[in-house]
Amino acid sequence: MLLDARTIPDGAQLETDLCIIGGGPAGITVAHALAGRSTRILLLESGPDEYDDPTQSLYDGESVGLPYYSLKFSRLRFFGGSANHWGGYCMPHQAADFEARTWIPHSGWPIGEMDLAPYYPRAAELVGIDTTRFDLDWWITQDQDRPLPFDAARAVTRVVQIVRQNRRGFRFRDDLQDASNVTLCLRANALEIVTDDQGRTTREVRVGTLEGARFSVAARAFVLATGGIENARLLLASNGQNPAGVGNDHDLVGRFFGEHPRFGAATFVPTDRAIPLGFHFPHRASLSTIEGYIGLPRELQRREELVDVQILMQRELGPSFDDAVDAPVVRDALALPRNLTQGRLDEFGSHLANVVGDLSTFQQFTVPGAPLPIPYPELVGEVLNRNTADRLELIPAIFGDLAGAAYAQLYGAPITTAIFRTRIDQAPNPESRVALGTERDAFGMLRGQLDWQLTDLDRYSVRRTLEIIGAEIGRLGLGRLQITFDADGQAWPEDMSGGYHHAGTTRMSADPRRGVVDGNCRVHGLDNLYIAGSSVFPTVGSGNPTYVLVALALRLADHLGTVLS
Amino acid sequence: MTRIGLTRRHFLALLGAAVVPLVPGLMPALATHVWPAREGLAARLVALLTHTTSAAAVGRAYLAQSPHEARADRLVAAITSGWTGTAPGAAWQSASKPELLELVRMKIVDDFAREEVAILDGWIVSRTEARLCGLVLLATEGARSV
């Protein structure tokens, strides 16, 4: 059943078995898993069915820590939630992600890899990937491309699956609407979670519409599923009974905000243009699209006492025509070749290339002026592997490459390089936090304030990971790595961003003094309030949060099915 | 593992120094350096690198980090020892040019395997290739200094 909250009378008191707050991947998964059962479910979604700016503006907030995306747009507030801007990347957490690692303070989950394993097959169906296989050995049998041939004791390749564009979005509206036990209520904004006087039972959630109506929902159980920032904000703002908010007896709500920090940290210059890198870029393998991330084996991380840092390759096929024509000085015709030369090695890099070339069995590392193949074989392969719409997307890239090739014929070939971008499983940090700001939104509710912080362990881990991988690349004769990340400085790179992966703010622990929720995602001290989503992740983890949080939400649904039956 | 760090800022400052004597710690070493006999192992190692200007630039950066190595005998000793391979010192002495190149390649691989690397302007290079470049610098700039 579909309900528009604007049709609910002001002051109404609704009653259901399970009230789910938030219609994103986590909330939808719980509702979807329990659809068709006898449990009555009311799913409250703040937004309508599509983007609506007044609703989206409720997410506005201040960022006072490391530079971060606009809080307004780093998540989405309409049905489907942040899955509406999801990149479709899927990878499960590894066993080591769940372990308490002595060198990483506050690490460790109260559940393990095997607790989630039974839920991944169904999670795969929901997110839209064709297989739960992520082991490299299996993917090699499905793929014509090959990963870089690392010694597994020194570096590893991890497989990420990417959901096809037309399967993303997590919009199971029809399924929910058709389920006899589910009511999907749009334009319903949760404003406060109200507990009994002892703070032991959640009594109701107070709800408002932007048009001014107010109503309440009482339920036997509640699931808070509004994302890693908003979950904390709503708990903190629900301070009618306790000034610290709900579930915040130990000042943990909002703390430990984690992300997957990304930035260009190194440049990889292959010894030979023919070295195949295709496995490490998004590409088709069998019926799926996958990408190979580079990382360190877990045992080596343990020995070196590092957090997990994965490396994503960003293609840099010589000069970027797009960059060149986008330059402010493009009106000056002479600017074009000048900009295109920026794909070249700097002076020292050129000297090093000459030295490596002298000592190498390869030749192309050092050959200035060698013509580029036109067009690149790998690009042709990509085009042939794409559907029509995707082929159109490639046209600018091909145009840029052809322009680069033409330039190379005239001025010499630029070096083909790849940028190594980080994806850090940042160390849990209590000072990295979501709090209430001073501004208020349209409901008079204090806006969220983000203070994102990283640690020296994160910085050291990036540097050591790159050093180890750089040495392995040298050992294999694949090329050389230039670390461009200033690991000795205090500032983080200007291009640092996250992945919209908001985690940790209602972290999971068996110990109420160390976590907001227990291993079943129930808020410590409250017998009927649960939290779904990556906000319960004690560490962000190596996996992509959507796939993992969906599996975890399925596990929660299993638990709720038992509790509420 | 032995690693040497050089900040980009330091390195750029280094590049800005047009002549060797401005490199702190390196000038005295070069000024007193006497290049060994032409037919010696050092000379044959230097002959492996044809891009001498490039090699000297890399060598200058390396020896600025490790001025205590700025002597041909020390660099040759470091290049030909301290690895896990099976080639004895005598093998280096008697190697033909192709054999010498192969020994150097094997040593570079061995360096990377043991993380015997230097970081020059952010580049992760094997210490053997950096030391070879140091030899080239001594053979050119250093020889002019004596």
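Predicted model: local features only at pLDDT ≥ 70, side-chain atom pairs only at ≥ 80, totals over all residues.
R187(A) is partly exposed, with a relative accessible area of 21%; on this scale buried means under 20% relative accessible area, exposed over 50%, and partly exposed in between (1.4 Å probe, protein chains only). Before we go on, a word on the numbering and the model: residues are numbered from 1 along each chain as its sequence is written, and chains are lettered from A and ligands numbered from 1 in the order in which they are written.

Helices (H or I, at least four residues) and strands (E, at least two) are DSSP runs, numbered from the N terminus. The phi of R187(A) is near 60°, a positive value in a residue other than glycine. Most residues other than glycine have a negative phi. D121(B) lies in the loop between β1 and β2 of chain B and is buried, with a relative accessible area of 4%.

β8(A) pairs with strand β9 (residues 202-208) of chain A in the antiparallel sense over six bridges; two strands count as paired if DSSP finds at least two bridges between them. T195(A) has T202(A) in β9(A) as its bridge partner. Six residues lie between the strands of this hairpin, in which G199(A) takes a positive phi near 70°.

Chain A also holds an open sheet of three strands, in the order β4-β17-β16 and with mixed pairing. Its edges are β4 (62-63) and β16 (433-440), each with a single partner strand, so one side of each is left without a neighbour in the sheet. β16(A) runs antiparallel to strand β17 (residues 446-451) of chain A, over five bridges, and R433(A) stands opposite D451(A) in β17(A).

Now turn to G22(A), in the loop between β2 (13-21) and α1 (25-34) of chain A. G22(A) is buried, with a relative accessible area of 8%. Leaving aside neighbours within four places in sequence, G22(A) is in contact (heavy atoms within 4.5 Å) with residues including L43(A), L44(A), A225(A) and T226(A). L44(A) is 22 residues away from G22(A) in sequence and 5.7 Å away in space, C-alpha to C-alpha.

Finally, let us look at where the chains meet. The contact takes 34 residues from chain B and 31 residues from chain A. Together they bury about 2800 Å², 64% of it on carbon and sulfur atoms; buried area is the accessible area (1.4 Å probe) that two parts lose on being put together, summed over both. In chain B, F112(B), W123(B) and I124(B) lose the most area to chain A, together 27% of what that side buries.

The interface has two salt bridges, each a side-chain nitrogen of Lys or Arg within 4 Å of a carboxyl oxygen of Asp or Glu. R480(A) and E129(B) meet through their side chains in a salt bridge (2.9 Å, N to O). On the side of chain B that touches chain A, α7(B) gives the most, with seven residues.

How values were computed:
Heavy atoms only, no water.
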